[in-house]
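Subject: Structure handover and notes

Hello,

Here is the structure I said I would pass on. My notes on what was found in it follow below.

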Amino acid sequence: MVAKNLEVGDLVWAKMKGFPAWPARIIEPPAKASKPKKAHHYVYFFGSDNHAWIMDDNIVPHTDSMLEEASNKKRSPALQHAIEAIMNYNKNNVKKDKPSTHKADKADGHVAKDSSKSKSPQIINNVTKKRENKVSKKIQPSKKVTVLKINKKTPRKRPSFDESNNNIGEPVSPKRNRVTNDDYSSLLNSVPPNVSYTHIPSYDDHVSAHPSPSILGRPAYVERQPTPPLDIETISETLKTKHVTPTEKKVGFLGLGIMGRGIVKNLLNSGHHVTVWNRTPAKMENFIRAGAHRGMTPADVVIASDITFCCVSDPEAAKSLVFGNCGVLKALETCGDVGKGYVEMTSIDPDTSREIAEAISTNGGKYLEAPINGSKKQAEEGTLFILAAGDRALFADCETCFHAMGNHAYYISCEVGNGSKMNLILSMLLGTTYAALSEAMALIERAKLSQDDFLEILTLGSLHCPALIDKGHSILVRNFSTNTPLKHMQKDLNLALIMGNELEQPMPIAAATNEVYKHAKLLRYSDHDVCSVYMGAKY
C-alpha cells in the first residue's frame with residue numbers, strides 16, 4: 001500500500017504493527033509530539049484516544065467501499081465503534097475532492113501526443129559510424145540505401161510442441177492452460193515419441209484427508225485435527241489442589257496464543273485481577289466475558305498493571321511489543337519511575353532478552369525472564385515448568401502467579417540471559433529426542449515390525465518416559481493435533497545452534513535434527529504438533 005498526496009484532515013485507514021487496519025484521520029502533530037519522521041504522517045485513530053506517527057506505506061485513503069468490505073467480515077466491538085465514529089464524522093464533515101495539480105498529470109498529455117511521432121532507429125547495413133560519414137558523401141541521390149530496423153531484444157522463450165501438427169519452436173504462452181482430464185488422452189497422442197509425459201495432479205489446499213500418493217512415493221498429507229475450544233470457566237483438577245492465594249497486585253498479560261490462553265485461564269480461575277491484550281482482538285472476547293479486562297494496546301496493559309507478563313511466538317514479536325508504537329516502553333515513559341514489573345515468558349535468545357532488560361531498566365521498570373517449558377495441555381492444566389533469571393524481588397512478587405501457572409518455578413540467577421540459555425538447551429534436548437523417536441519408529445515400520453510392540457517395550461525398560469510414550473502413540477495413530485507447534489520447536493533448535501556457534505561449540509546432532517524439522521516444515525507440517533517430525537524423518 002502506498003499513500004500519496006495526503007493532507008491534514010484526510011480520512012484514511014492506517015495500519016500499525018500488531019493491529020488490523022483502523023479508520024483514522026490525519027491531524028497536525030501536537031507541540032509535545034516527537035520530531036516528524038520522513039515519509040510519515042501523524043494520525044488520530046477513531047474510537048480511541050490514541051494517535052501516532054504512521055509510515056505512508058501503511059496508510060490508504062478512506063473510501064465507502066472499505067466500509068462495505070469491513071461489514072462483510074467479523075470485527076471486534078472496538079473496531080465496530082471506530083467504524084461508526086468515522087461514518088459520523090464523514091456525515092458532518094463532507095470534504096470536496098480537489099482537482100489534480102500534480103505536474104506528472106499535465107506531462108502525461110504531452111507525452112501521449114509526442115508518442116505517435118517517435119520513429120524507430122535506422123542504420124546503414126554493415127557500416128561503422130566513421131565510414132558512414134565518408135561514404136555518404138559519394139552516394140548519389142538516385143541510388144537506394146538498404147535500411148534495417150533494429151528490433152528490441154526479447155528473451156528467448158522455451159519452445160513447445162504444437163498439439164495439432166507437432167511443429168517445434170512455437171513460443172510458450174506466459175500463462176499455461178491447465179490440461180483437463182478430457183484433453184489428457186489427446187495430449188499423449190500428440191507428443192513426439194522421444195518425449196515422455198507424466199500427468200501430475202494439481203496442488204489443491206482443499207484435498208481430502210487421504211488423497212492418493214504422489215509420483216514420488218510420498219504418503220498422503222495428514223490433516224491437522226481441529227483444536228477444541230478452550231473451556232475457560234472449568235477449573236482444572238490440578239489448580240483445585242494448589243489452593244492458590246491471588247496476589248493483591250494487578251496483573252497484565254500480552255499474547256493469547258496456544259500457551260497464553262491456558263496461562264490466563266488459570267490466572268483468572270485462581271482469582272487474579274488480569275488485563276489482557278492480543279494482536280487479534282477477537283481472541284480476547286471469551287476472556288473478557290470470563291472476567292478479564294481489555295487493553296486496547298500493550299501500553300494500556302502496562303499502565304493498568306503492576307506486573308505485566310508477555311508470551312508470544314518468537315524474538316521479533318517480543319521486541320515489537322516492547323519497542324513498537326504504543327508499546328511497553330511508551331507506557332513506562334508515561335508512568336515514570338514507579339517500578340512496574342515486566343516478565344518475558346517467550347522462548348527467545350539471550351541477546352534479545354538482555355536488550356529488552358536494558359530498555360526496561362533504563363525506563364524505571366524491573367525485568368525478569370521466565371521462559372516456560374511445556375505444552376498446550378500443561379499450560380491449561382497449570383503444570384508448566386518455569387525457568388527464571390533477573391530481578392529477584394520481581395520473582396518473589398510473581399510467586400502466586402507462577403504457582404497458578406505451573407508446578408515448578410526455578411530461579412537460576414540474577415544475570416539476565418541465563419534463563420534463556422537454559423531453556424534453549426532443554427528445548428534442544430527435547431527436540432532431538434522427539435526426532436530420534438520418530439526415526440526409530442520409521443525404521444520399525446520399514447523393517448516390518450510392530451510399532452505397538454516397540455512402544456510397549458519402551459514402557460517396560462529404562463527408556464520409559466511419559467512424554468516419549470505419549471508422542472509415540474500420537475505417531476502411531478497419525479494424530480498431529482497441536483500441543484507444541486513444530487515450527488516453535490524448530491525455532492528453538494535454530495536459536496540453540498546460533499548460541500553454540502557463538503560459543504564455538506560443535507553441535508552436529510542438533511544441526512542434523514534441525515534439518516529434519518526443516519524438512520517437515522517443507523512438507524507443510526509447521527502448525528502441526530512436534531510429533532509430526534515423524535513425517536520429516538520417514539520421507
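**Aromatic pairs**

Phe480 and Tyr525 are both buried (buried is under 20% relative accessible area, exposed is over 50%, and partly exposed is in between, with a 1.4 Å probe and protein chains only). This is a predicted model, in which local features need pLDDT of at least 70 and side-chain atom pairs count only at pLDDT 80 or more, while totals for chains, interfaces and linings use all residues. Residues are numbered from 1 along each chain as its sequence is written, and side-chain values use heavy atoms, with hydrogens and water left out.

A search of the whole structure gives nine aromatic pairs. Rings of Phe, Tyr and Trp (its six-membered ring) pair if their centres lie within 6.5 Å; planes under 30 degrees apart count as stacked, over 60 as edge-to-face and the rest as tilted. One of the pairs is Tyr44 with Phe46, which is edge-to-face at 5.8 Å centre to centre, with 70° between the planes. Tyr44 counts as partly exposed because its relative accessibility is 23%, whereas Phe46, at 5%, counts as buried.

Phe480 and Tyr525 also form an edge-to-face pair, with 6.2 Å centre to centre and 90° between the planes. Phe480 is in the loop between helix H18 (466-476) and helix H19 (486-502), and Tyr525 is in the loop between helix H20 (508-522) and helix H21 (533-538), so the pair ties together parts that are 45 residues apart in sequence. Helices (H or I, at least four residues) and strands (E, at least two) are DSSP runs, numbered from the N terminus.

There is also one aromatic cluster made of Phe253, Phe309, Phe395, Phe402 and Tyr411.

Two packed helices are described by the angle between their axes and the distance between the axes. Axes here are lines fitted to C-alpha atoms, for helices over the stretch in contact, and angles run from 0 to 180 degrees between N-to-C directions.

Helix H12 (residues 350-362) and helix H16 (residues 418-446) have axes that come within 8 Å and cross at roughly 155°. H12 is therefore roughly antiparallel to H16 (under 35 degrees is roughly parallel, over 145 roughly antiparallel, 65 to 115 roughly perpendicular, and the rest oblique). The crossing of H12 and H16 is right-handed; a crossing is left-handed if the near helix is turned anticlockwise from the far one by less than a right angle, and right-handed if clockwise. Pro350, Ser353 and Arg354 of H12 make the contact with Ser420, Lys421 and Leu424 of H16, where contact means heavy atoms within 4.5 Å. By class, this contact has two nonpolar, two polar and two charged residues. Ala, Val, Leu, Ile, Met, Phe, Trp, Tyr, Cys and Pro count as nonpolar, Asp, Glu, Lys and Arg as charged, and the others, Gly among them, as polar.

The axes of H16 and H19 also come within 8 Å, and they cross at roughly 120°. These two helices are therefore oblique to each other, and the crossing is left-handed. On the H16 side the contact includes Lys421, Leu424 and Tyr434, and on the H19 side Met489, Asp492 and Met499 are among the residues met. The residues of the contact of H16 with H19 divide into 10 nonpolar, two polar and two charged.

Ile498 lies in helix H19 and is partly exposed, with a relative accessible area of 41%. Ile498 and Asp349 are 149 residues apart in sequence but 8.9 Å apart in space, C-alpha to C-alpha.

**Loop residues**

Cys326 is not a glycine, yet its phi is positive, at about 55°. Cys326 is in the loop between helix H10 (315-323) and helix H11 (328-335), and it counts as buried because its relative accessibility is 14%. Lys448, also not a glycine, has a positive phi of about 60°. Lys448 lies in the loop between H16 and helix H17 (451-460) and, at 77% relative accessibility, counts as exposed.

Thr383 is in the loop between helix H13 (376-381) and strand S17 (384-390). Thr383 counts as buried, at 18% relative accessibility. Leaving aside neighbours within four places in sequence, Thr383 is in contact with Thr238, Gln378, Met405, Gly406 and Asn407.

**The chain as a whole**

The protein chain has 21 helices and 18 strands. Of its 539 residues, 39% are buried.

Regards
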